[in-house]
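Have a look at the structure first, then go through the points.

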Amino acid sequence: MVSNATAGLTCPSPMKPTSNGIFQGDDPLQFSLPLAILQICLVVVVTRGLAFILKPLRQPRVIAEIIGGILLGPSALGRSKSYMQAIFPPKSLPVLDTLANLGLLFFLFLAGLELDPKSLRQTGKRALGIALAGISLPFALGIGSSYILKETISKGVNGTAFLVFMGVALSITAFPVLARILAELKLLTTDVGRMAMSAAAVNDVAAWILLALAIALSGTGKSSLVPLWVFLSGCVFVVCAILIVPPIFKWIAQRCHEGEPVKETYICATLAAVLAAGFVTDAIGIHAMFGAFVIGVLIPKDGPFADSLVEKVEDLVSGLFLPLYFVSSGLKTNIATIYGLQSWGLLVLVIFTACFGKIFGTLLVTLLCKASLREALTLGFLMNTKGLVELIVLNIGKDRKVLNDQTFAIMVLMALFTTFITTPIVMAIYKPENRKRMADYKNRTIERKNPNTQLRILTCYHSARNIPSIINLLEASRGSEKREGLSVYALHLMELSERSSAIIMVHKARKNGLPFWNKSQQSDANHVVVAFEAYRQLSHVSIRSMKAISSMPGMHDDICNTAESNRAAIIILPFHKHQRVDGSLETTRSEFRLVNRKVLEHARCSVGILVDRGLGGTTQVAASNVSYFIMVPFFGGCDDREALAYGVRMAEHPGIRLTVIRFIVETESVGEIVRLNRETASSKLRSSDEEFLAEFKQNMAKDDSIKYEEKLVRNAADTIAVLSELKRCSLFLVGRRPECEAALDLCRSDDCSELGPVGGLLTSPAFSTTASVLIVQQYKSGASPNLTLQMEDESPDKDSESN
C-alpha cells in the first residue's frame, strides 16, 4: 500500500547544514543553516514592521504575526514560484517546522508560567458560569457549523475528530492575548477585567483538555481503542506530573533568594525537564507542547526562580523562534482557496457563529449575574479574543488531515478577524473616561496656608540608578517634627510589553485590586523595595512602594491617577537623561521625555522634574551625615513660589543650608512703554510674590540656616554671571515658568521646554556644575502648562521686532 501510494513521488534530497562559501561556487540558499538564518531574519523584519504599523491601532502583536505569516505564504508573496523555491523550498520545511515547534514548546512553557493554579481555585461562581457559557454555546454551534462544512467543502474527513476540532476552535479564548489587551486598555483591575481574566483562565484549561481529546480522536490507528489509550495515558501523565513536579521545584525555589542570581544548574535542569516532558507527551501521541505547558503551570510562581526562568527564555523564544510558527502556519494558509460565493458565505457563517456563540453566551450569563448591559457586552467581546492557541488547534488539525486547505484558511481568517475587532469595539463600548472620578482634595501644592499639614509626595523612578538620589531628596524633604510628617509613594515606572515577564507582573498587580499598581509584599520584594523599606524604618517616614505597568503612550495616565488617588501634593519625575562618568548628560530613553511632558500637562497637582547629578553621592546618606547647600533662584511667579516653599521645608533639616537669590530687573529707558504694559498685566503676580516674600523674610529671621539676597540684573548675561558664582551648591530648586524677562532669555531652545528657561540653562553643557536640579511646576486650576511659551511670544524683544 505504501509503495503504491508513493510510487510516483520523488523525495527531495536532504540539505547539508553549511556551505563552503560563494567563492567556492556554493549557493548558501541550498544549505539548511544559512537558509534558516535568512528565513528567521525575514520573518522578524516583516512581523516587527507590521507590529509597528499596527501599534497606533493598539492591536496585540499576535495580529501582526498572523498577518506576517499569511503575507509570506502562498496567499501573497508565495504566489511567486521563484520566491517560494528560493526562500521556502519544500526541502527546507522540516528544519523550519522543527525550529518553529521548538519555539512553540518553550513559549507554551512560558504560557504555563503565566497561569497560576491558585487563581483557578479562587474563581467565583460568576466567573465559572461565564466561562462555562463561553465554552458550551460556541462548542455546540461549532459542531453545528461543522455539519454544514462537511456537506460542502470538507467531504471525506474524519467525522468525529472534525466535530471536536471545530467545537474547540470556536470556543477558545486566548488567555495571554486577553491579558495584554486588558492591560493596554487599562481595564485589568476593573470588574470587567477581573471577570474576564478569571473566566479566560478557566476557559484556557478547558480548551487544553478538549484539544487533548481532539488529538486523541484524530489518530490514524486502526483500533478504536487507540484514542482511549492516548487520552488515558495523557491523564496519567498529568497526575504523575502533579505528584512529582511541584515538590522538586518548590525545593529549588526555596534555594533561590532575592537579590542573588539563580544557579545555572537549576535553569538547565528545568529546561531539560521541559524537553523531557515534551518527549513523553509526544510519545503518548498528544503533541510535545502539552508536556511543556503542564511543567510551566506546576512551577511555583512565588520568589525569583520563576522570574529568572522567564528572563532567560522569553526574548530568544518570543523574538526569534515563535514567529517561525506563524510563518509555518502562514505557509499552509492559502486565501486563494476561498473562492466563489459558497466559500465566502461559509467564511461569513463561521465568523458569525464564532462571534454569536461567545458574545451571546457570555452576555446572557453576565446579565443574569445582574451586571449592566454595557459591561456584559464588553465582556462578551473580550471573551471572543483568539490567538496562538487557536492557531495551534488549527495547525494540528491540518497536520492530521482533519482540516483541508479551504477550511484551514477560513478558520485562520476567522481567528484574525475576531481578535482584530476586540480592541476597537471594547474602546467604543467601555471607555475609560466613563469611570468614576476620584474625590477632590485641597492640598495639591507645597505652598499652602498651613505649611504644617502632611506633605504627600509621589516619586517615580525608572531603575535602581535613581534610588540613592531619590532617598536623599526625601530625607531632605522630611521637615521638622512640628509638621504632620511626610508620606511618600514610590512608583516604579515599567513599560508594558509583549514579554511574558511584563504580563506576570500585571497579574500580580491585578491580585491587589489596584489600577496597574503592585503593593509590595515581602514575598516578591526586590532590592529597590528593600532600600525604601530600610529608609522607612530608619527615618519613620511613611513609604509605600508600587509599580505602574503600562504602555508608554498611557503611562502619564497611571502617574496622574496614582497621584490623584493618593492625594499627592507633588509628583517628582526623573529626567529622561542620566549623568555619564565625564559629567555630561546622556539620554536614557527619549520616550520618557514625552511621559514627563504629558504629566506636566495633565497632572492635577504640582510636578517636579529631577535632573540627577548624584545628590548626596551614589549611596544613601544617613540623616546625621546630611550636608547640603541648596540654592533657590527667585524670579517671580507661582512656580518660583512653589520652589521656594519646598526649599523652606528642606531648610528645616539640621544638615541643610538654603540660599535664596531674588533677581530684580533694572529699569531701562529703552522699551519703557512695552514694560509698562507688561507690569500692568503682571501686577497681580507681583503682589502675590511680594506677600509671599514678606512672610518668608519674617520667618527666616529666626533661622540661621537660610540666607536671602537680592541681585540687580539688566539682562540674561548678568543673570548667568550670578548663577555661575553659585554653581558649587548641592541642589538647585527652580520654577519652570518664571515671571521675568531676564529669565525667559536664558534658554529659548525647544530641547528644554519641559525644564523651563532656568532649568534648561542649569542642565545645558554650557553651564558647568555638579549640582542636581529640581524643576518645579505649581498646580493652578485652569492654568495653561504652556505659560512660558505664551510669555516668550509676548516678550519685549518680539514686540519690538514686530513694530
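1. Start with Glu710 and Lys697: they form a salt bridge, with 3.6 Å between the closest N and O atoms. Glu710 sits in strand E10 (residues 706–713) and Lys697 in helix H27, so this pair ties together parts that are 13 residues apart in sequence. Keep in mind that this is a predicted model.

2. Neither end of that pair is hidden away: Glu710 is partly exposed, with a relative accessible area of 41%, and Lys697 also counts as partly exposed, at 35% relative accessibility.

3. Helix H27 (residues 683–700) turns up again with Glu690, whose partner Arg662 lies in strand E9 (residues 656–665); the two parts joined here are 28 residues apart in sequence. The side chains meet in a salt bridge at 2.7 Å, N to O.

4. Arg662, Glu690, Lys697 and Glu710 are linked in a network of salt bridges.

5. Elsewhere, the side chains of Arg604 and Glu564 meet in a salt bridge at 2.5 Å, N to O. This one links distant parts of the chain, 40 residues apart: Glu564 is in helix H23 (residues 555–565), and Arg604 is in the loop between helix H24 (591–602) and strand E7 (606–611). Glu564 counts as buried at 9% relative accessibility, whereas Arg604 is partly exposed at 31%.

6. How many salt bridges does a search of the whole structure find? The total is 17, and the pairs above are among them.

Methods: Residues are numbered from 1 along each chain as its sequence is written. This is a predicted model: local features need pLDDT of at least 70, side-chain atom pairs count only at pLDDT 80 or more; totals for chains, interfaces and linings use all residues. Side-chain values use heavy atoms; hydrogens and water are left out. A salt bridge is a side-chain nitrogen of Lys or Arg within 4 Å of a carboxyl oxygen of Asp or Glu. Helices (H or I, at least four residues) and strands (E, at least two) are DSSP runs, numbered from the N terminus. Buried means under 20% relative accessible area, exposed over 50%, partly exposed in between (1.4 Å probe, protein chains only).
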